[in-house]
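Biologist: I am new to this structure. Please walk me through it, one question at a time.

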Amino acid sequence: MKDVTSLLPLSRSLVHLLLALHEGERHGYAVKKRVEEMSGGIVRMGPGTLYTTIQRAEDLGLIEESDERPPPGEDQSQRRYYELTPFGTQVLAAEVERLGAFVDHARTALSGVRGK
Amino acid sequence: MKNVPRARGERFYALLLRLYPKTFRSRFEHQMLEVFREQRVDAKYAGLFGNLRFWWDMVGDLLVALPDAKRRYTGVTKWEASVDGMLLDLKFAVRTLLRAPGFTVMAVLTLAIGIGSTAAIFGVVNSVLLKPLPYGDSDEVVTVWSSWIGFPKTWVSVAEYRAWLNNAPSFDDLSLYFSTSANFSSPENPERVNAVGATENLMEVLQAPMAQGRFFTTEEALRADTLPSEVIVISHQAWARRYGSDPGLVGRSVEVNGRGRVVVGVLPADFRLPVDFGTADVPDIYFPTWIDRSDVVSFPEAGGSHGAFVVGRLRPGSTVESAKRDLDNLVARLQAEQGSYPPERNFEPLVFSAKDDILGTIRPAILALLGTVVFVLLIACANVANLLLTRSQVRHGEIAVRAALGAGRWRIVRQMLTESMVLATIGGGLGIALAFVSVEIFKGLNPGNLPRIDEVSIDGAVLGFSALVTVATAILFGSLPALRSGSSNLHANLGRRGGTGLGKSGWQGTLVALEMALAVVLVMGAGLMVRTFEQLSSIDVGFQGENLLTMAVSLPTTTYPTAQDAVNFHREAMRKMEEIPGVQMATAVRILPLDSQIGDWGLAVEGYVPAQNEGVNGDWQFAAPGYFEAMGIPVNSGRPFEWTDDENAALVGVVNEAFVRRYWPNENPIGKRFRMGSDGQTKWISVVGVVGDVTHNGLTAEIKRKFYIPLAQWEAASGGNRPTSVRFVVKTAGNALALTAPVRNVIRQMDPSLAIAQVRTVDDIKSAAMAQPRFTVVLMGTFSLVAILLALVGIYGVISYGVSLRTQEIGIRMALGAEPEQVVSLMVKRGITMVLVGLGIGVVAALGLTRYIESLLYNVDAQDPVIFGSVAVGFAVVALLATYIPARRAAGVNPIQALRSD
């Protein structure tokens, strides 16, 4: 079994990719749009960043290409769909847990400063 | 499947994709193109700016993704990890910069200007000053000249050459050469070219190789002493131009001056004689010249006839100074033993290292330009440092978070420096492109008489230098903001966003004041140069140049053996030229002012008793009727030449005002007589007119006494010389160059074998005389302008940023009743301090530095109070304006919104 925590922290684009796919399987451009939407435009993905992130996630076994295809006749034969693997789901959960702990810590620190 | 042809943009993108590794491409290429197409039609990329933004994003994406795509994830060694770390820094830097395109473009352009100007001027320094001359051990090559009163640096005589050969142990050897002209006279392609007669040891003295064949043998030189030379050496340029670079030319005979001569050698392409670096027309033909190398027994009183150049090679261990001492001692000895060189005339031989001699006039100009661009580069660095400081204030939050996540101080500094390096690299790349363009512009500013400017290029040395400058630049502008970011207090920065950041704005103020000071120095320098240029432009050269076409023709002795033949030819040519519609007047003269150096001729002046050992002489010209009228040279008394002043009439002459001042002060010169030569063999010449003085040997050269003889009477007046070479001067109704073809045709129809040379307008000749001051003033002016702009952008940016940082404070002040003007003056105050401090430092620095360009100035004091004053005031006004405009925005602050703003 692969070690979940050894992959942490995940890069920002990787977190966003996993999060976008957690909502359901998507093709490349849809991932890009969703990531930009979720991050409020902070994470921008061009074709290069998008597919190097996808490659990385695939290589690490976090996502895989889906067998699902859109109904024929929609003329999108070039499109590949990706979905989260169970391992990917675990890693994403672990990363979110880690981030949450950090945010809590940071909040405490900040309120301490404000109080002075 | 839609099968539409790919749009151009997509084809280009497909090409970019080839940069990715093959495995990555085979896996994702189709999908990436798919995403590309979908992104292309996104509404936010519509329009021209949308289009630009799209490609900005695409290229940025490529730069960020490429290192990732090439990376492997397994078996990372420590070394790879550190490379990975650097790649990560790099990627992050690129990404950060892409996210702030306004900042990035501004910084990159500023750096490109700074690095580009430095690279371009270094290219000039490298090619003109640093590159050795095309001679072996070129530091040992010297030029030797004569000088005396009225002739600060002039030709040498054969007697002097022979005496130096035998009495100056500092010289290993000396070679003598002189300028002349010759005709390639084959009837199908006649051409008049510059030529040189040289002693056979010329190439040994210079240690210059031959491209092909050889230089002359002693036997060939000796033979040329009594008979027309049978051999010549030609320039690489003539070999390529006339003989199509024929490899078999050496050993063949070509026709020169109406006689077949064997080409024994071809010179290398980059070969130039020391006197030819400032000219576009290098000599094409070399003739052998014989000079007896033994010492002169009876040395001529004034050294003999001065008309040759001498180049020498120092013996190892000797110096320019020791050679000069040898020659001074020789002069003293000749004065004591033979009564030569009358002391009143201050005879003095001059020795220069060839490089100093060639670059003498342009070296200080180029060094001044180098100083200028270094200042521009420093200003650019200060500006970018300021931009970075401003940005680092915005990025406090980000940096604090990264520090909280465990990034060490060094890690953050490294990240910031990486960003600087990325900026500098892009700026440097653009800058080098800019340098390539600039160098072509520099060459365009050269009318052909600036030494070595035509050799300027951006070569490996310049590229290496630019790379160094780029790295140094990055460190210079990046380290201050980086170190300041690294030392940021974590808690304080997490706690506040924005704030007044006094520490940093103190630095910013210092940087702006520094920029101001640097810019002030440059503008002072440029002001002095502009004033010099004005002064030079306002020199009255004594003639006008409008609508005057000139060309040189020389008649070979073989077909025009007598002076009468030449006179007849010139007269006929002028008559035919005047028949061309649009030609108002055609005339001729020996040489044109400001075009070539004029020398003097010994005279006897009736009624003038010279002081002991005083040389009586005058610069000599011969001219056809109409010359003074065409050139606009005023006839102040008497009359100009008439067509009746011909070979059968009584000898007449015209002299200039300087001639009259010297020989007949307070007397009416009309009707006075003089004759050429002092031996009493020639006929008396009666003065019929006095004309205005004309500047001849250079804009600022001394105006000397001069006499003019009618072309038709030259033979009789000079005792048998032939007026074979003339410059025709054609006055036209309109654009002079438009009549080039018909005027040439006149000559061609009269004698198709004659070559026509130096076709140009008198305006061009006048303009070429201003070439170096123009070169300097245009470049220094441009760079100073750039410097001012950068400095103004700097102060504008800092003030407007200050206003935006203090919006809240301003809001409070206004809510409490402060008037808008008070708020504006509060903001301006800081600007005034920066401007005044900068101005003060700048003026003091300029007072100290402008003396380094003193040698470039003419009629202007290096500390001219008017220029200093007006530049300072003008500068202060513009700088305060740059302060006021952003400060005014403070008055527009709405108190309610300001208080709400974060």
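Biologist: Just after α25(B), which residue takes a positive phi of about 105°?

Modeller: This is a predicted model, where local features need pLDDT of at least 70, side-chain atom pairs count only at pLDDT 80 or more, and totals for chains, interfaces and linings use all residues. Residues are numbered from 1 along each chain as its sequence is written, while chains are lettered from A and ligands numbered from 1 in the order in which they are written. Helices (DSSP runs of H or I, at least four residues) and strands (runs of E, at least two) are numbered from the N terminus. The residue with that phi, just after α25(B), is B:G817.

Biologist: Which residues of helix α25 of chain B are buried?

Modeller: A residue is buried if 20 or more other C-beta atoms lie within 10 Å of its own, exposed if 12 or fewer, and partly exposed in between, with C-beta atoms placed from the backbone. Helix α25 covers residues 807–815 of chain B, and its buried residues are B:I810, B:G811 and B:M814.

Biologist: Within what arc do the buried residues of α25(B) fall?

Modeller: The arc is that of the directions from the helix axis to the C-beta atoms. An α-helix has 3.6 residues a turn, so residues three or four places apart point the same way. The buried residues of α25(B) line one face of the helix, because seen down its axis they fall within an arc of 105°.

Biologist: Within what arc do the buried residues of α23(B) fall?

Modeller: In helix α23 (residues 762–769) of chain B, the buried residues are B:V762, B:K766 and B:A769. They line one face of α23(B), since the view down the axis puts them within an arc of 55°.

Biologist: Is B:Y341 buried or exposed?

Modeller: B:Y341 sits in the loop between α10 (320–338) and β12 (348–353) of chain B. Its phi is near 50°, a positive value in a residue other than glycine. It has 25 C-beta neighbours inside 10 Å, so B:Y341 counts as buried.

Biologist: What is the phi of B:L594?

Modeller: B:L594 belongs to the loop between β14 (583–589) and β15 (600–605) of chain B. It is buried, because 21 other C-beta atoms lie within 10 Å. B:L594 is not a glycine, yet its phi is positive, at about 65°.

Biologist: How far apart are the C-alpha atoms of B:V256 and B:I285?

Modeller: B:V256 lies in strand β8 (residues 253–256) of chain B. Beyond neighbours within four places in sequence, its contacts include B:I232, B:R261 and B:I285. B:V256 and B:I285 are 29 residues apart along the chain, and their C-alpha atoms are separated by 8.9 Å.

Biologist: In what order do the elements of chain A run?

Modeller: Chain A has 116 residues, of which 30% count as buried. Its secondary structure comes to four helices and three strands. From the N terminus on, they run α-β-α-α-β-β-α.

Biologist: How do α1(A) and α3(A) lie to each other?

Modeller: Axes are lines fitted to C-alpha atoms, for helices over the stretch in contact, and angles run from 0 to 180 degrees between N-to-C directions. Helix α1 (residues 12–22) and helix α3 (residues 47–59) of chain A pack at about 75°, with their axes 10 Å apart. Angles under 35 degrees count as roughly parallel, over 145 as roughly antiparallel, 65 to 115 as roughly perpendicular and the rest as oblique. Therefore α1(A) and α3(A) are roughly perpendicular.

Conventions:
Contact = placed C-beta atoms within 7 Å.
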